[in-house]
Amino acid sequence: METALQKPVQYLKGVGPKRAQLLERLGARTVGDLLMYLPRVWEDRRETPPGQGASDAPLILRGRVTGVREQRAGPHLVLFIAKLQVPGHGAVDALWFKRPSRSYDVFQGLRRELAASPELWIVGRGEPGLLKIRQINVSEHYLADDPRTSLHVDRLVPVYPTTEGLPERRLREVIAAAVEEFSGGLHEMLPERLLIKREMLALPQAIRGIHHPRSTAELEEARRRLAYEEFLLLELAWTMKHRQIRQVSKGYGYDVRRSLLSPFRAQLGFEMTGAQKRVVNEIFDDLQKPYPMTRLLQGDVGSGKTVVAISALLLAVENGYQGAFMAPTEILAEQHHWTFQKFLHDLPVRFELLTSRVPKKARARILSRIAEGEIDVVVGTHSLLEEDVKFRNLRLTVVDEQHRFGVRQRTTLRQKGPPMDFLLMTATPIPRTLSLALYGDLDVSTLDEMPPGRVASLTRHADEGTAFAFVRGQVKAGHQAFVVYPIIQESSNLDLKAAVAEHERLSREVFPDLRVALVHGRMPGERKVRTMEEFSAKKWDVLVATPVVEVGVDIPNATVMVVQNADRFGLSSLHQLRGRIGRSDAESHCFLVAEPKTPEAHQRIAILCETNDGFRIAEEDLKLRGPGEVLGTAQSGEVALQAGDLSRDGELLADARGDAQELLAADPELADPGNDGLRRGLLTRYENRWKSVDLA
Ligand code: ADP
Ligand code: MG
């Protein structure tokens with residue numbers, strides 16, 4: 001039976017070479033693939049009860065044809081009307097519209113069908129507003145005496161994403177035939193013990209239930225079972241990957257000497273928060289392990305990640321190693337470089353900034369000093385690693401704002417050179433569900449405390465006039481302001497024009513007496529950085545910006561932010577943006593200028609006005625937008641979930657995680673014959689996708 005599932009789809013009745021090709025385009029090459037080709041949605045196509053009338057949902061009726069007629073409905077339209085007697089509803093006119101043809105009778109087929117089988121189901125739209133259905137525009141009809149009809153109406157009907165040339169109903173029929181004939185032969189990969197423990201349906205039942213559920217309860221049971229299986233495989237893969245990473249011996253170690261760390265702390269000018277101290281300890285413990293560190297440091301904007309990163313880098317330097325600090329943009333790299341200057345100026349640490357702004361000659365000199373080991377820490381952008389900068393003994397790399405790196409990029413990072421320690425930092429807190437699903441190879445440290453004396457910024461939904469009046473007041477008081485515009489379309493110049501035009505308007509009409517600067521993403525890097533430097537040196541009062549200021553910029557004197565068209569930003573972006581203010585002990589204010597048009601946009605704005613808690617916002621963002629949007633499709637595609645839904649299956653995923661760990665503790669290589677199914681499932685699913693799930 002197992003082999004039947006591996007047969008090409010063409011083996012199925014009703015599938016010829018052409019249809020097989022179309023199915024392959026959907027990713028279904030074998031019968032087994034087809035069984036696992038899951039519906040996206042299920043349409044409730046049970047019969048519309050009398051008295052319900054027409055609404056947005058299609059009407060579903062079963063009736064008997066009592067008469068037909070045809071008429072012209074316009075110059076290019078003919079109409080076929082069947083009078084139906086529908087039990088409970090009475091007489092209903094069913095209407096089919098078509099373009100007439102000179103060469104043949106467009107309604108001939110239909111007329112014959114109805115003459116031979118006058119009993120039929122129709123799916124279509126009625127006139128809204130009337131409680132009694134009198135006529136219906138037919139979009140689909142099914143003859144009651146056709147055995148396939150029960151697949152398409154009178155039930156929860158599966159809707160599959162299809163492709164051009166393959167009508168939805170044909171696809172549904174092909175899949176139904178496959179399910180009917182072959183689901184019994186599906187190989188159960190979950191050990192029976194787990195099926196019992198988690199009260200899961202057997203696989204054949206789940207497959208039948210997800211394709212052809214008899215009730216929403218059955219559907220949910222089936223989906224839950226299939227989601228659990230996906231999650232279990234995913235967590236097995238992560239747990240094994242996690243273990244593999246820790247089986248590599250890095251061949252060097254660290255001693256905490258404090259020759260740099262103590263003076264660094266002494267001249268910081270503030271005491272580290274409890275959370276910073278705890279996290280530094282977690283990192284130091286990790287660095288002293290025999291295997292390379294891959295740790296994710298998450299902390300809300302402004303929680304003080306940089307100081308933690310510098311502590312780790314100093315430990316490397318104390319031990320005679322080199323470190324690298326990489327930021328996603330040049331502005332941020334510059335910013336970090338200033339921070340280094342501020343915190344390390346009296347310490348014997350040699351650090352350099354390496355970005356595309358550094359002139360050629362200077363760059364060559366820096367590169368050779370890096371290669372000679374005459375530079376301890378290099379600060380640059382993420383391209384540092386790609387540019388093949390040769391280090392003498394690079395041991396620790398800090399990657400700032402890494403949340404957009406997927407598992408493949410992390411793997412590439414690790415496999416780049418000899419073993420090395422990685423500290424990845426993100427200011428977008430990652431909801432636990434996502435971190436279980438997507439960061440299973442990482443250890444996570446969390447900064448859950450803000451430096452003392454911070455006054456949370458007040459956020460409100462306001463009109464532009466109110467916001468600008470406030471900006472003026474703050475500037476009078478010696479502060480500075482951001483005015484931010486969304487990127488409307490990455491590929492067009494519209495956003496740029498908007499920001500440029502707005503800069504004009506603000507400097508001429510709104511704030512003619514203030515100094516108004518502009519930065520946007522398309523500016524040459526050098527001008528961008530210069531403008532930020534000038535803003536930081538208080539040469540400007542108001543900075544008009546596209547979201548290039550989103551991450552990392554640290555200008556404590558800026559106490560107001562006005563976000564224009566705030567309804568066009570996602571929750572996390574808005575939270576990141578406003579993290580640019582509220583960086584001193586002065587009260588800060590964020591104005592969201594928006595006319596939200598959807599309930600979701602309203603909700604986003606309300607959430608931001610209500611809370612400053614990045615973790616809560618991340619959870620809400622996940623609920624509102626779903627994982628694909630939050631993480632980008634590439635990253636969420638790496639785990640390729642079909643039945644599982646990360647925005648609502650958190651508990652199930654956590655269960656699967658626990659079960660995966662238990663399984664592997666007892667049987668580390670899944671060598672036990674009872675775990676054979678899981679082992680094979682794991683290989684087919686993740687071996688190629690991740691390149692490095694090794695099963696001995
Ligand atoms: P983020 O986590 O967003 O990267 P930063 O590292 O930029 O945050 O820190 C934000 C600001 O807070 C910086 O100006 C930094 O010097 C300051 N800071 C960091 N830790 C503390 C602390 N323990 N006490 C006071 N200020 C701190
Ligand atoms: Mg930062």
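In this predicted model, a side-chain N or O atom of lysine 305 lies 2.7 Å from an oxygen atom of ligand 1. The protein covers 88% of the 560 Å² of accessible area that ligand 1 has on its own.

**Polar contacts of ligand 1 with the backbone**

- Serine 303 places a backbone N or O atom 3.4 Å from an oxygen atom of ligand 1.
- Threonine 273 has a polar backbone atom 3.5 Å from a nitrogen atom of ligand 1.

**The shell around ligand 1**

- Ligand 1 is surrounded by 17 residues.
- The closest of these residues are Gln276, Gly302, Lys305, Thr306 and Arg454.
- Sorted by class, the shell contains six charged, six polar and five nonpolar residues.

**Domains**

- Domain 1 is assigned to two segments, 1-41 and 171-186, while domain 2 covers 46-154.
- Domain 3 also consists of two segments, 261-289 and 303-426, and domain 4 covers 458-611.
- The centres of domain 1 and domain 2, taken over C-alpha atoms, are 31 Å apart.

**Helix H21**

- Helix H21 comprises residues 571-578 and is mostly covered, with seven of its eight residues buried.
- Among the buried residues of H21 are three leucines at the positions Leu571, Leu574 and Leu577.
- The buried residues of H21 also include Ser572, His575, Gln576 and Arg578.

Technical notes:
Residues numbered from 1 in each chain as written. Chains lettered and ligands numbered in written order. Predicted model: local features only at pLDDT ≥ 70, side-chain atom pairs only at ≥ 80, totals over all residues. Heavy atoms only, no water. Domains from an automatic or database assignment. Near = heavy atom within 4 Å. Polar contact = N/O pair within 3.5 Å; in protein donor to acceptor, adjacent residues only side chain to side chain. Areas by Shrake-Rupley, 256 points an atom, 1.4 Å probe, with all protein chains shown as cover. Nonpolar A, V, L, I, M, F, W, Y, C, P; charged D, E, K, R; others polar. Buried < 20%, exposed > 50% of the residue type's maximum accessible area, 1.4 Å probe, protein only. Helix = DSSP H or I, 4+ residues; strand = E, 2+ residues; numbered from the N terminus.
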